Structure formats: structure tokens, C-alpha cells
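Subject: Structure for you, with notes

Hi,

Here is the structure I promised to send over. Have it open while you read, and my notes on what turned up follow below.

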Amino acid sequence: MLAIKWILKKCQYLTLFTLSLVFLCSIAQAQPAQILDANRYLFAGSLPNNSNPLTKKIAGLVYGRATLYKSLNSTIGTVEIDQLPNIVKQNLFRSTTYNPFKAAYAYLYTSSNLEKLKSCSFVGVPFELDNNSKTQEWFISTSLYGCLKGQVRGDGGGIHSWVLQQDSQNKSRVLMESDGPLSITKTPQDKAGYRQMRTEHYVIRFAPQEKIGCGKVLLKWGYNGKQYKILEQGPIFSADCPGDWYSADLSKEENAQRKHQAATQVKAAVNRWLPTLKAFR
């Protein structure tokens, strides 16, 4: 009798476990569709290079995450971003894939670094950007930290992101690149369903040869019917620069001087890079 009770109890646990798996799978399948209902979403990826997916799952770490917003400050929920299908990764770096950012991120697209990038771990999630069933958009992210020489973890966690679009004839084009988070917002000014984007760009990513090695610029983008154009150049930050940190060993005047010097150096580095974005103006 005791043996029968034990078996029934085990079966009950197994049934609950199976139902839980089904429920979780249903949520996972619905997540990309959930993005469609959001007014704004913030994509962010974070992963160490060559990480083991199973190990990260057990450790409870998230590969990447899309935060969904009903309004400016009201969130709907989050969508976990998992490993990118190999075919999408291949399309991202295919020679026939149109990518207007190659000039702006020339360091990433040298032949040697491109080969290294292809071997890095990637995450991604499909989403709808242009309300067109004939196209499919993907948010894609990888960690440059530990993948490319000279790339430290930095303020952006070492990640680099893309928005890739594929059409019904399997032609691909890169719509956007960003260091760190990338936000997409629905606005009345959207053209052909393409939402506005906001990106972050780090000096250490787009110009690792710059000695300053810190700082970033924010950009706001809108679609003009053919591609994304810069609508607004946001602020330039030096908050991640050592010279911007307050030192108790220095006077108030010396700290102010260091901060001003760091901000000046970052601004100069950004201004040298921005002309490479002329195709987007």
C-alpha cells in the first residue's frame, strides 16, 4: 500500500513538472509576438564570449533581455533573448548583406576581426518593425569583451548590437548598429511602420585607437522611406572616464580641471567619428 502511495505521489510530481514545462514553452513561443503590442521596447544583450548556454541557464544568468513599455515609464514585462540561429548569424556577415555602418565601425570589419566575430557567441530575437509580413527583423547582440583584441568590458558591458532585416527573397540588410542598449519607440512620425530608434556609441568600440578609451555619444534615428537617418545627436558623455571621477586626493579646482579635460577629449574623439556617419544625414 505504501509503495502504491509513493508511486502515485511521484506521478503527481511528474505531471506537475510536465505541465510546468508546457506552460513555460507556451510563454517562450508567445514572447516575440508580445513585443508587437508594446509602445516601446529596450533591447539589451549581455554575455561573456564563448559561454556555455546550459551553464548560464543553470546559473540563472540572462543572455539578453527586451524590456517592453506600454508608455514612457510603464512596463508591460520582459522577454528573454536566447541563442541566435546559425543561419541568421551567417546572414549578418554574408558579403551580400548591405551594411552602411561598416565605415563607421571600420575596426570591427577588418578581415581578421570579422573572422573572430563569426566565432563569437551571439544572441537574438525576432520582432516586427515595419508591419510587413514579407520582412523579418532581428535584434542581434554579441560580447566584444574577450572576443576582439583591445576590447575591455567598459560601460556597455562589452556588447555590440545590430538590427537585421530579411525579405521574402532572403536578402538581408543591417538597419542599425549600437553599442550597449538599443531602444525602439512607436511615434506619430514613423514612416512605413518603421519606429524611431535611440542608440549608444562608445569611443572604445568605434575608435579603439583613441588614447582616451572612454566616453560615448547618444543618437536618435528615424526612417526616411529608404533607410534610417540621424534625427538628433544627443549628449556626449565622459562619465566612464577616470578623469571624470572625483578624487579625494585632489583639490576642487584640480578635480574640475580633470573633468573638463576628459569631456574635451571625448568630444574631440566623437567629433572625429561622426563624419563617418555622413550616409545617415
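Six bridges join β4 (residues 122-127) to β5, and the two strands run antiparallel. Strands pair here if DSSP finds at least two bridges between them. The strands (E, at least two residues) and helices (H or I, at least four) are DSSP runs, numbered from the N terminus. V123 stands opposite S141 in β5, and S141 in turn has S161 of β6 as a bridge partner.

Before going further, a word on what you're looking at. This is a predicted model, where local features need pLDDT of at least 70 and side-chain atom pairs count only at pLDDT 80 or more, while totals for chains, interfaces and linings use all residues. Residues are numbered from 1 along each chain as its sequence is written, and side-chain values use heavy atoms, with hydrogens and water left out.

Back to the strands. β5 covers residues 136-143 and pairs with β6 in the antiparallel sense over eight bridges; one of the pairings puts Q136 with Q166 of β6. β5 is mostly covered, with seven of its eight residues buried. Buried means under 20% relative accessible area, exposed means over 50%, and partly exposed is in between (1.4 Å probe, protein chains only).

Next along is β7 (residues 172-179), which runs antiparallel to β6 and is joined to it by seven bridges. L164 has V174 in β7 as its bridge partner. β6 and β7 form a hairpin with five residues between them, and N170 in that turn has a positive phi of about 65 degrees.

What packs against these strands? The buried residues of helix α3 pack against β4, β5, β6 and β7, as well as α4 (111-118). α3 spans residues 86-93, and its buried residues are V88, K89, N91, L92 and F93.

In the loop between β5 and β6 sits C147. C147 counts as buried, at 10% relative accessibility. L117 is 30 residues away from C147 in sequence, yet the C-alpha to C-alpha distance is 7.0 Å.

β8 (residues 182-185) is also covered on both faces: L182 and I184 on one side, S183 and T185 on the other, all buried. It pairs with β9 (residues 196-202) in the antiparallel sense over four bridges, and M197 in β9 is the bridge partner of I184. I184 has a relative accessible area of 0%. Between I184 and Y194 there are 9.4 Å from C-alpha to C-alpha, and they are ten residues apart in sequence.

Now the cysteines: how many disulfides are there? The count comes to one, taking a disulfide as a pair of cysteine sulfur atoms within 2.5 Å. The partners are C214 and C241, with sulfur atoms 2.0 Å apart. The torsion about their S-S bond is about 105 degrees, so the disulfide is right-handed. C214 lies in the loop between α5 (203-206) and β10 (216-223), and C241 in the loop between β11 (228-237) and α6 (252-273), so the pair ties together parts that are 27 residues apart in sequence. Both cysteines, C214 and C241, are buried.

On a 1 Å grid over the protein atoms alone, a cavity is a set of points where a 1.4 Å probe fits but cannot get out, and lining residues have an atom within 4 Å of a point. Points are joined across faces, edges and corners, and the volume is the space filled by probe spheres set on them. The search of the whole structure finds one cavity of 30 Å³ or more, and the largest cavity has a volume of about 40 Å³. Its lining is Y98, P100, F101, R173, V174, L175, Q227, Y228 and F280. β7 gives the largest share of that lining, three residues.

Lastly, the chain as a whole: there are six helices and eleven strands, and 43% of the 281 residues count as buried.

Cheers

Conventions. 1 Å grid on protein atoms, 1.4 Å probe; cavity = no way out; pocket = protein on both sides within 12 Å on 5 of 7 lines; lining within 4 Å. Contact = heavy atoms within 4.5 Å.
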